[in-house]
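Here's a quick briefing to read alongside the model. Keep the 3D view open and click on each residue as it comes up.

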Amino acid sequence: MAAYQINFMWDDEAFVWIATSEDVPGLVLEHGSFDALVERIRVTVPELLVLNGVADDEISLSYSTQRYERLVVNG
C-alpha cells in the first residue's frame, strides 16, 4: 500500500483551506470548508495518481494542517 502526505494550509486572506502534496503531482485544491476539501481529496488523489501512472489498488492518506493567524493587540 502506497502512502501519501497531504498538506492543508489556511489562507487568511482568501478564507479558504488549500491542499497540496509533494507526493501527488498536480494536487492543488482549495475550499472554504475543511471537511468538503477532504472529500474532494478522496476523489481527486486517486484520479491524479492514475493520470500520473502511479496508481495502486489501495492507498493511505496522511493529513497535516497549518493555520496561521495575525492578531492586532491594542494596549
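How many aromatic pairs does the count come to? The count comes to 4 aromatic pairs. Keep in mind that this is a predicted model, with a mean pLDDT of 93 for the chain and 99% of residues reaching 70 or more.

**Aromatic rings**

- Let's begin with the pair formed by Phe-8 and Tyr-63, which is tilted: the centres are 5.5 Å apart and the planes make an angle of 45 degrees.
- Phe-8 belongs to strand β1 and Tyr-63 to strand β4, so this pair ties together parts that are 55 residues apart in sequence.
- Trp-17 is buried, with a relative accessible area of 11%, whereas Phe-34 counts as partly exposed at 27%.
- Step back and you'll see a cluster, in which ring pairs link Phe-8, Trp-10, Trp-17, Phe-34 and Tyr-63.

**Helix α1**

- Helix α1 runs over residues 34-51, which makes 18 residues. From first C-alpha to last, α1 reaches 25 Å, close to the expected 26 Å.
- Where is the kink in α1 centred? The kink is centred on Ile-41 and comes to about 25 degrees.
- Ile-41 is also one of the buried residues of α1, along with Leu-37, Val-38, Thr-44, Val-45, Leu-48 and Leu-49.
- What do the buried residues of α1 pack against? They pack against four strands: β1 (2-11), β2 (16-20), β3 (28-31) and β4 (59-66).
- After α1 comes Gly-53, which has a positive phi, near 75 degrees.

**The nonpolar core**

- In soluble globular proteins, nonpolar side chains tend to be buried together.
- In this model the largest nonpolar core has 16 residues. Those with the most contacts inside it are Ile-6, Phe-8, Val-24, Leu-27, Ile-41 and Val-45.
- β1, β2 and α1 are the elements that give two or more residues to this core, and α1 gives the most, with 6 residues.
- So which residues does Val-24 touch, leaving aside its neighbours within four places in sequence? Val-24 is in contact with Tyr-4, Ile-6, Val-45, Leu-48 and Leu-49.

- Most residues other than glycine have a negative phi, and most peptide bonds are trans.
- Phe-15 isn't a glycine, yet its phi is positive, at about 60 degrees.
- You'll find Phe-15 in the loop between β1 and β2, where it is exposed, with a relative accessible area of 55%.

**Confidence by element**

- Confidence is highest in β3, with a mean of 98, and lowest in β4, with a mean of 94.

Technical notes. Residues numbered from 1 in each chain as written. Predicted model: local features only at pLDDT ≥ 70, side-chain atom pairs only at ≥ 80, totals over all residues. Heavy atoms only, no water. Expected span 1.5 Å × (residues − 1). Bend = angle between axes of the 7 residues up to and from the residue. Buried < 20%, exposed > 50% of the residue type's maximum accessible area, 1.4 Å probe, protein only. Contact = heavy atoms within 4.5 Å. pLDDT = per-residue confidence, 0-100. Phe/Tyr/Trp six-rings, centres within 6.5 Å; stacked < 30°, edge-to-face > 60°. Core = buried A, V, L, I, M, F, W, Y, C linked by side-chain atoms within 4.5 Å.
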